[in-house]
Amino acid sequence: MPPAKIAPRAGFVRLITLLSLPVLAPAAAPAAEPVALWLFDEPAGLYPSTPLDSSAGLDAPLVLGLGGTVVEGRFGQALATEPYPPIEIPDHGNDTAYLWRLPVPPGRTREPLAWPNAQFTALMTSGERHLRKEVTFASPTRTDLNLGDFDWTVEFWYRAARTPAAAGVVFEIGTGPRGENALVTRLLVEADRFVLENQPAGVRLAVPSAAPALGDPDSWHHYAFVYGADDRRLEHYVDGRRQPAAAPAALRRLPAGDEDYLSLGRDGDWQRPLPGRLDELRFSRGRVYAGDFPPPGSFAPPRPRVPLVRGLPLLFGADAPRAGVVALGSRKHLLIDDALFERSRDITFAAHPPLRIERVMDGTQGQFRKHLTVVEDDEGLIRIFNGGPDDRLIVHVSRDGLRFEEPDTGLHYGGRRNVVIDAPAALGRPIIDPNGPPEHRWKYISGVEGRGVYLFTSPDGWKWTRQPMAALNFRSGSQSGLYYDEQRGLYVGLHRTGFPLSQGGGTRREFVRAETDDIFRTWPVRWMTQAQVREIAKTRSLRSPQPWWLDNGPLTPGDFGIELPTVFAPDDRIDPPGSGVYVPKATKYPWAPDAYVAFPAMYFDYEEPAQPATRRVLYEEKSRGLGSGQVETQLAVSRDGLAWRRFPAPVYVGVGRYQGRDLHQIYMGEGLVRRGDEIWQYFYGQEEYHSPARRNPAGNGIYRTVQRLDGFVSAEAPYERLGEIVTRPLTFAGNRLVLNIDTRGLGYAQVGFTDEAGRPVPGYGVEDGVFINGNFVAHEVEWLGRGTDVSALAGRTVRLVIRMRNTSLYALQFVVR
């Protein structure tokens, strides 16, 4: 259960509590603390409209504009005013994209921000409210970014451009509206000095600096500005050495503004670009340096780097050989496909819906997200996580899997007392990571607002900390999946893309796969140029605008596009037009290697364009009381997590009547719980249709499904005749062969061994096999006169021969008993 008390966060601006200001020199003032630190360590090639995160102090993201790029830096990456490579901005797209110029509003002199004039380098702003703004910016004039009559320090690394240029802006803080007045505090760099302009105090202060460093295009140099309010002195250091004193200046804060802004690399009109690269810009409250000091190293917080737990190598991945001897050892082998078969006769594969379903939770009215994750912790406590008020992550707990309660986590929000993450981050999947380390044992990947996908970690699943840098620099439009694949040594994330175009001209919902072997760093992505996207669009139907990152406007990052490989998508060969993968719910199967399972929520969209009116009327006539479509849960399986086979029928959990309720949306939760020979899963069921014409929150609920262990898919033999399986040559370890098998009342199976040449092994041939008749999760195979001991064959190359009738074979395993 949770600790007795978890203090809630409060205040105007959220704080990143993981990091603290490093002590850099004995002369550092003890009261100094970070206000914001921009490392600019986002990946090179980053798209405009994407946030640049603050890694200490305020949660104060900036957004990259068309007038900036992320490039190689002093430590990792840096910010440059080199413009993003030229693109052609389309003249059509969603209204929220703002692809066209906007007229100057009455009483203003500047056009509102839109893509054609988004030539800023990096920006945070409280204005530009006409735009889609899903990144919460700090208010620069209401924080200590607003430099004035207090002790402060600003420092950064800078490398000059090779081409000399006029004065450029390091930063400009404005009361706003942007460009409409002179209420700014601005730091400029010139050939041999800096200039600090502070309009409230009428100050334009020349700050002598080291001209050779300022003009050096081959080396990075550290610059620090330390202001003392008592003596009104601004001390300036280059590479830790104090420079000649500037004149005294009494600085004042800017008046607070409802359209305030902070612009890096350019002024508020996107002019006067900084003639060089900027790295590790830090604002601090207090005097960080009181005398000469050695230039600091990187301010980036240390990232954990732990060895990855590795499992058995994959036997049946896409690159695995289909010939040769299979080193089966003592692995449990699930019969989800014919990967182990050399040949077969009259054998098919069938999906199996749950054995039973029961409702376990009501009272899910109000803000209650339908995307669930279930985790069983080390003490056997079952926790169901999902989104609550304003997308705060909440949890319900149970010991028996049937009766759930709200634990008091000490973190309360919106009337809920079971909050575990006080941030708009409800669309992810918590996992217990076998790699640890202990203080980060629990991992959670989720979209935060619309600003990107972030990693949260926790020692216990109750108290979580967000890592400051985005794991993936895309807006997340649905639940992000996460699991660790110990056989491939990779973390796997699954994310929705809405870029593909459906057959009817609507949104084709698909999911892409991201992978990394270091979850604490930004995940690898293949960033694409406009030309590359347009080339792909010649053979693949894609929506507009292209590139896709334009779609949300210049202050909200683009959704996932086609930068990552597609892993789940509608199949035009079998799925009706207008189908979509709403969310795949995929995971590594925990109780056998070489097996992966997924429970995709498949959506049938009544709104699909270019479909007959007889279909669209289901949505368009609101008097019918329906909505935009229904959602069912299907089953998919894989040998490597890359190539999947989906079973549309029988549907795993279909729409229909459950305990007196007609459910029209079924969303299986992430995660599996094993209790004995059963696997428990939980789904969110709704009587409402998707985008319902009529709301009925009382019809929502959480249901438990009970599945047979290993029972999702089986090899099937028909009722009316024998089926046969002959395996590939294999070696095994153990002294018993155990089957998960159901022959029903009138079915049976026999099992035998052949040698490398295909001859029956004396005493262990299929004709010697004692009939198997019944329903068993772990049945020991027996041979007449030999019993169940197969240790004499261990390590030899053999084949298995399985003959069966009216039988479902789920799994086989050689074990020691």
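Select Arg 704 and Trp 680. Arg 704 lies over the face of Trp 680, at 4.4 Å from the ring centre. A charge counts as over a ring if NZ of Lys or CZ of Arg is within 6 Å of the ring centre and within 35 degrees of the ring normal. Next, pick Lys 622: it sits over the face of Tyr 619, 3.4 Å from the ring centre.

This is a predicted model, where local features need pLDDT of at least 70 and side-chain atom pairs pLDDT 80 or more, while totals for chains, interfaces and linings use all residues. Numbering runs from 1 along each chain as its sequence is written, and side-chain values use heavy atoms, without hydrogens and water.

Now the ring pairs. Rings of Phe, Tyr and Trp (its six-membered ring) pair if their centres lie within 6.5 Å; planes under 30 degrees apart are stacked, over 60 edge-to-face, the rest tilted. The count is 51 aromatic pairs. Select Phe 683 and Tyr 703: the centres are 5.0 Å apart and the planes at 5 degrees, so this pair is stacked. Both residues are buried (under 20% relative accessible area, 1.4 Å probe, protein chains only; exposed is over 50%, partly exposed in between).

For a cluster linked by ring pairs, select Tyr 47, Tyr 84, Trp 115, Phe 474, Trp 527, Trp 549 and Phe 560.

Last stop: strand E56, residues 807–815. Strands (E, at least two residues) are DSSP runs numbered from the N terminus. Eight of its nine residues are buried, so E56 is largely enclosed by the rest of the structure. Strands pair if DSSP finds at least two bridges between them. E52 (residues 736–742) pairs antiparallel with E56 over seven bridges; there, Asp 742 partners Ser 808.

Terms used. Helices (H or I, at least four residues) and strands (E, at least two) are DSSP runs, numbered from the N terminus.
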